[in-house]
Amino acid sequence: MIERDDIRAAVASGLINEKQAAGLISLSDSRRSARENLNPGDEPFELFKGFNEIFIVIGLLILSTGWWGVVALALGDEIVNLQDYAMVVSLIGAGILWLLSEYFVRKRRMVAPAIALSIMFAANAAFGITAVMSEPFMIAQNDFSSVPLPLFLSTLAILVYWWRFRVPFAMAMIAVGLFITAIVYAASREGRVADMSEFFLLSAGGPFAWITLVLGILVFAVAMMFDMSDPHRVTRRSANGFWLHVVAAPALVNTMALSLLDQDSNLILLAVLMLFAVVAIVIDRRSFLIAAIGYIVALAATVFDGDGAALTVLILGVVLLLLGAFWERIRARILRLMPGFIPLHRLPPSQV
């Protein structure tokens with residue numbers, strides 16, 4: 001192992017300069033933080049670093065509740081005209097959230113407060129922009145043509161937040177914002193949704209299932225760009241990829257797999273899910289697979305029914321347990337079978 005004294009000696013000898021030495025030390029610290037206490041080949045995942053972060057998140061939630069209570073008291077009888085004050089309230093709220101983010105995210109680098117602040121910033125932006133730009137009377141008549149633009153601008157606001165603070169969870173909200181914007185835009189063009197199946201089935205005839213499929217592919221592609229730029233999973237780029245995979249997997253399953261489930265094509269469905277599993281194993285993303293399977297199980301229990309769905313869920317549970325127990329061994333064997341054009345050097349190395 002290379003120690004700090006070795007790096008100092010390399011600087012003194014002229015082998016590397018001070019900037020390169022600082023970069024090496026920073027990379028070493030990042031890798032140690034990301035991989036500390038993880039088994040070889042495990043996928044880094046962190047929602048909070050300690051109870052103090054939970055303490056701060058609770059404080060943020062109480063602060064948010066108090067803020068809206070003060071706004072309601074300040075407006076008094078004018079609460080019915082909240083739309084007139086929405087932009088001012090939203091701008092003040094955005095300023096407070098931005099300052100809090102500067103301290104807790106950029107300076108303290110806290111994980112849970114970063115997630116909470118990004119959610120609050122997104123909700124605040126959506127409230128202010130939608131309240132000012134949308135037409136409530138049109139919405140009351142099921143005319144949503146005034147809603148897509150405010151939703152899109154709200155998504156851009158989250159993108160600005162991510163650009164400044166690089167909160168990985170915000171990347172997932174950007175993807176979800178684009179999904180919602182596209183769905184609402186399609187609904188405003190197509191009219192009222194006749195049946196819930198239009199959101200899930202390619203055979204339904206509406207554009208909604210195709211929208212989720214196309215956007216799911218795009219989100220997956222962006223997630224892979226982040227992953228391939230950080231194959232050892234030691235920087236925030238990998239965390240961005242993690243959250244994008246959590247969004248992309250249900251979007252892809254939403255159409256391909258569920259269309260097969262609706263037609264009782266259980267064998268073909270299992271083949272499609274095996275393809276999902278192979279992709280997840282090759283890119284070493286358990287999050288991609290668990291999000292996909294979890295989405296299927298949730299919808300099979302609520303939207304779809306029948307003996308075939310129950311059997312499929314049972315098989316999926318068995319598959320998940322087997323993959324969890326032998327993930328690294330299975331991955332090592334699959335990687336040996338991969339063709340040469342797949343850039344395995346840009347993916348996490350096998351630990352077996």
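The model is predicted, so to speak of local features takes a pLDDT of at least 70 and side-chain atom pairs count only at pLDDT 80 or more, while totals for chains, interfaces and linings use all residues. Residues are numbered from 1 along each chain as its sequence is written, and side-chain values use heavy atoms, with hydrogens and water left out.

**Helix 7**
- Helix 7 covers residues 148–165; helices here are DSSP runs (H or I, at least four residues), numbered from the N terminus.
- Buried residues of helix 7 include Pro148, Leu151, Tyr161 and Trp162. Buried means under 20% relative accessible area, exposed over 50%, and partly exposed in between (1.4 Å probe, protein chains only).
- Leu151 counts as buried because its relative accessible area is 19%.
- Beyond its neighbours within four places in sequence, Leu151 is in contact with Thr130, Ile180, Thr181 and Val184; contact means heavy atoms within 4.5 Å.

**Ser118 in helix 5**
- Ser118 sits in helix 5 (residues 112–133) and is buried, at 1% relative accessible area.
- Leaving out residues up to four places away in sequence, Ser118 touches Tyr161, Val167, Phe169, Ala170 and Met173.

**Nonpolar patch**
- A nonpolar surface patch of about 720 Å² has Met87, Leu91 and Phe152 among its members. Patch residues have over 30% relative accessible area and no salt bridge, with nonpolar side chains (Val, Leu, Ile, Met, Phe, Trp, Tyr) joined within 5 Å and like charges within 9 Å.
- Helix 7 gives the most to this patch, with 4 residues.
- Met87 belongs to helix 4 and is partly exposed, at 33% relative accessibility.

**Salt bridges**
- The structure has 5 salt bridges, each a side-chain nitrogen of Lys or Arg within 4 Å of a carboxyl oxygen of Asp or Glu.
- Asp227 and Arg285 pair up at 2.7 Å, N to O. They link distant parts of the chain, helix 9 and the loop between helix 11 and helix 12, 58 residues apart.
- Asp284 bridges to Arg286 at 3.8 Å, N to O, and also to Arg331, with the closest N and O atoms 4.0 Å apart.
- Asp284 lies in the loop between helix 11 and helix 12 and Arg331 in helix 13, so this pair ties together parts 47 residues apart in sequence.

Conventions:
Helices (H or I, at least four residues) and strands (E, at least two) are DSSP runs, numbered from the N terminus. Accessible areas come from the Shrake-Rupley method with a 1.4 Å probe; for residues, only the protein chains shown count as cover.
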